[in-house]
Every structure is written in C-alpha cells, then in structure tokens.
Amino acid sequence: MDQEREIRLSIGELQEFWAFHGHDLLLHDPGGSGECLVRRGELIAPASVLDPVLERYRRWVDDVQHDDDLLLARVRLRGAERDRCVDLAREAGVAANHVHFGCSIMYGMPVMWGTGADAQAGPPLSEPPARQWDPPVVVGVLDTGCDPHPWFRDRPWFEAVPEELDADGDAGQDRQAGHGTFVSGVVLQHAPGAVIRARRVLSSLGFTDDCTVAAGLRSLRRSAEARGERIGVVVLTAGCHTADDECPPILREELRNWPGTVVVAAAGNHAQTRPFWPAALPSVVAVAATGADGAVAGFSNSGSWVDAAAPGVDVASSFVRMAPGGDRRFGYARWSGTSFAAPQVAAAAANALRDGLNPNEARDLARRRYPFER
C-alpha cells in the first residue's frame with residue numbers, strides 16, 4: 001500500500017504526550033506480556049466489595065466517586081501506590097480503569113504502524129439516500145460525537161452530539177476530532193434507512209476508559225427505553241488490552257444487558273493477535289480491516305477471537321474540520337483503521353434486521369457478508 005508508513009512513536013512517548021495535556025495515564029508492564037495503559041491510581045470496585053477495599057487501602061485512598069447506577073465506585077489512590085494500581089487491583093479482587101484507544105490510531109509495541117493515521121481530505125461524495133425504514137432499525141454509535149453534517153442534519157431522527165475539535169487548546173484540530181461524524185457517515189452509506197443514535201465516549205485526542213464506555217452504553221440503553229425504541233445494533237470503535245488478557249469486568253457486565261442487540265467492535269490497530277476488549281468477547285462481533293487487495297491490513301489486529309473483516313484502508317466518509325474564526329467546515333475525508341471497518345459490518349447487521357432476521361441471524365449474516373479468513 002503506497003500510504004503505508006512507520007510512525008516512530010512508542011506508547012511510552014504517547015503516554016508522555018497525554019500527560020503534557022493533563023491526562024494522568026500509567027503504562028503497566030512496558031514491553032511485557034501484560035502491557036496495558038490505565039488511569040494512574042484508579043481502582044474500580046463493585047459496591048459489594050467497596051468497604052473491604054477501602055479498609056485495605058485506607059492509607060492511600062485520596063477520593064471515592066460513587067456511581068449508583070453502575071453499582072460501583074472509582075477509588076483514587078495517592079502517593080507512590082498510584083503506580084501500583086494494577087497490582088493492587090489484582091490483590092483486592094477489583095479492577096484498574098483501562099484506557100481505550102480509538103481504532104484509527106495506529107500503534108504497536110514498541111512502534112506505531114499505520115496507513116493514514118490522520119484523516120486526509122477527500123473528494124465530495126454522494127449523499128446517502130434519504131430513506132426511512134419502517135419499522136426503524138436503530139444503530140448506536142459510541143465515538144467522539146456526530147456533528148450536523150449535511151448528510152445528517154435534515155433527517156427526522158438526527159440529534160447533534162457536537163464534536164470537540166480542539167480540546168487541548170493548541171489552535172489546531174485534534175487528531176481524532178471528527179471521528180464520530182466519519183463513522184456515522186460510514187453507517188449511513190451502507191444502511192441509509194437506519195436511525196443513528198450517537199454517544200460521545202471517545203475524546204478528540206483519541207482515548208477513553210472502561211468507566212466512560214460502560215456509562216455511554218448504559219446511557220444509550222436507558223435513552224432507548226425512554227423513547228420506546230429498541231437498539232438493533234451498537235458499534236464500538238475503541239478498545240483496550242488488559243494485564244491478564246481478560247475483559248474488564250465493568251464492560252463484561254454492562255454488555256450482558258444487551259442480549260437482543262448485535263454489538264460490533266473494532267479489533268484494533270496493533271498488528272497483534274492478543275485479545276482486544278471488548279471486541280474479543282464472544283458475544284461481540286470483532287472486526288478486522290482489509291486493504292484494497294482483500295487481505296488483512298498490516299496494521300490490523302487478528303486472531304481466533306476476530307469474527308469479520310471489512311475494508312479499512314482509505315475509507316471515505318463525512319467529516320468536519322475547524323475553520324478560521326472557530327467555525328466548522330463540513331466536507332469529506334479518507335481515513336484508515338479498524339474503526340472504519342466495524343461500521344460496515346454494523347450496517348450489514350442493520351440491513352439484516354430490516355429484512356426481518358432476528359439478532360442472532362443478523363449477526364451471522366454480517367459475519368458471512370464480511371468473512372475473516374483465518
């Protein structure tokens with residue numbers, strides 16, 4: 001692929017970049033089999049075991065934030081113990097708060113690999129047909145938001161979730177800003193009659209964490225209940241590794257609340273076979289990226305836990321950019337990553353639901369439509 005390049009930026013340097021912008025992250029077991037990125041000094045404790053955890057670590061507890069809806073608390077530690085949060089979580093039978101990366105960020109260990117890690121300007125695209133399926137099929141998109149691009153703003157279901165374009169205040173567009181608008185556009189191109197419900201869980205710098213993703217899923221689920229809607233498909237475009245290669249408990253538990261929904265997730269861009277969560281959960285359709293030749297792209301994760309593979313190199317879709325004076329300019333872009341393969345598989349599942357298939361049948365059809373060649 002002529003755009004393929006090596007980006008010489010280690011995850012440690014990435015950690016330093018985010019620390020500079022006020023995000024306190026910790027790289028656990030750098031270069032080892034348990035390498036993962038977590039929120040420094042944070043433990044996630046279910047309410048049922050919170051008191052023993054607080055008693056055990058009372059000397060180091062700095063703050064406790066309760067989430068009554070998720071029946072858990074975020075325990076923040078102070079001092080040197082903050083750098084031992086993964087080990088302390090394991091000792092106490094709780095979890096660290098893992099950091100998730102948007103799956104258009106290209107990185108590996110120790111070098112980031114990518115094809116078009118930044119969005120590139122693209123030529124105008126034809127707007128997807130203005131269709132309304134009856135009954136509706138709702139697709140939840142958990143990403144950076146969805147701006148009022150001309151593809152969306154006049155559709156009766158549209159509710160803007162504005163993109164944050166310059167969160168770090170450097171007078172330039174952040175690397176992942178516009179990601180959600182792009183992903184929603186991919187869904188709409190392949191499932192033009194779908195209803196899209198966006199939730200912002202991913203920052204414009206390209207990361208999030210276990211608690212934020214679980215809260216976004218819960219918010220989407222409760223909003224649908226209030227509307228009397230059923231979410232047919234959910235697409236997740238970020239994920240994480242963990243020290244023990246097991247799914248973060250908070251995500252595993254929340255996804256148990258979605259048995260009637262086809263959950264699709266990007267497989268990640270590490271060029272590894274190590275499980276990437278939540279994509280690697282058996283109930284989730286994990287999507288790798290392919291290139292123009294149909295083979296799995298060099299940056300894409302793969303492995304026995306991957307279920308499907310769709311085009312993920314130079315995907316074209318709707319986009320929003322910063323304009324002089326703080327205005328927004330709507331247009332189009334080309335971008336690469338498993339983030340942009342996953343919404344195509346999600347759209348295939350949405351089309352199958354429209355055709356009357358049940359969720360299990362729709363999940364199987366989407367896998368067959370975009371097979372992953374092991």
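Methionine 322 stands opposite arginine 328 in strand S18. The model is predicted, so that local features are reported at pLDDT of at least 70 and side-chain atom pairs at pLDDT 80 or more, while totals for chains, interfaces and linings use all residues. Residues are numbered from 1 along each chain as its sequence is written, and side-chain values rest on heavy atoms, without hydrogens or water. Helices (H or I, at least four residues) and strands (E, at least two) are DSSP runs numbered from the N terminus, and two strands pair if DSSP finds at least two bridges between them.

The pairing of methionine 322 with arginine 328 belongs to an antiparallel arrangement in which eight bridges join S17 to S18 (residues 328-335). These strands are part of an open sheet of three, ordered S8-S18-S17, with antiparallel pairing. Strand S8 (120-121) and strand S17 (315-322) stand at the edges; each has a single partner strand, and therefore one side of each is left without a neighbour in the sheet. Strands of a sheet pair through backbone hydrogen bonds, either parallel or antiparallel. Helix H4 (residues 179-190) lies across S17 and S18 and runs at about 145° to S17; such angles, from 0 to 180 degrees, are taken between N-to-C directions of axes fitted to C-alpha atoms, for helices over the stretch in contact (contact: heavy atoms within 4.5 Å).

A second open sheet contains six strands in the order S10-S9-S12-S14-S15-S16, and its pairing is parallel. At its edges stand strand S10 (195-200) and strand S16 (308-311), each with a single partner strand, so one side of each has no neighbour in the sheet. From one strand to the next, the twist averages 25°. H4 also packs on this sheet, where the helix touches strand S9 (138-143) and S10, and its direction makes about 155° with that of S9. Strand S15 (residues 284-290) pairs with S16 in the parallel sense over four bridges, and alanine 289 stands opposite alanine 310 in S16. Helix H7 (residues 338-354) lies across S9, strand S12 (231-236), strand S14 (262-266), S15 and S16, at about 130° to S15.

Strand S6 (residues 95-102) is largely enclosed by the rest of the structure, because eight of its eight residues are buried (under 20% relative accessible area, with exposed over 50% and partly exposed in between; 1.4 Å probe, protein chains only). S6 takes part in several antiparallel pairings. Three bridges join strand S3 (residues 36-46) to S6, and leucine 43 has alanine 96 as its bridge partner in S6. Three bridges likewise connect S6 with strand S11 (residues 207-209) in the antiparallel sense, where aspartate 209 of S11 is the bridge partner of valine 99. With strand S13 (residues 238-239), S6 pairs in the antiparallel sense over two bridges, and alanine 238 in S13 is the partner of glycine 102.

The aromatic side chains were examined next. Eight aromatic pairs are found in a search of the whole structure (Phe, Tyr and Trp rings, the latter by its six-membered ring, with centres within 6.5 Å; planes under 30 degrees apart are stacked, over 60 edge-to-face, the rest tilted). The rings of tryptophan 157 and phenylalanine 158 have centres 6.4 Å apart and planes at 70°, so this pair is edge-to-face. Tryptophan 157 counts as buried because its relative accessibility is 10%; phenylalanine 158, at 15%, also counts as buried. Elsewhere, one aromatic cluster is formed by Phe182, Phe319, Trp335 and Phe340. The charged end of arginine 369 sits over the ring of tyrosine 370, 4.5 Å from its centre (criterion: NZ of Lys or CZ of Arg within 6 Å of the ring centre and within 35 degrees of the ring normal).

Several backbone features lie in loops. Most residues other than glycine have a negative phi, and most peptide bonds are trans. A cis peptide bond, with omega about 5°, joins aspartate 134 and proline 135, and proline 135 lies in the loop between S8 and S9. The bond from tryptophan 277 to proline 278 is also cis, with omega near 10°; proline 278 is in the loop between S14 and S15. Aspartate 29, although not a glycine, has a positive phi of about 50°. This aspartate is found in the loop between strand S2 (25-28) and S3 and, at 32% relative accessibility, counts as partly exposed. Aspartate 245 has a positive phi near 55° and is placed in the loop between S13 and helix H6 (249-255). At 26% relative accessibility, aspartate 245 counts as partly exposed.
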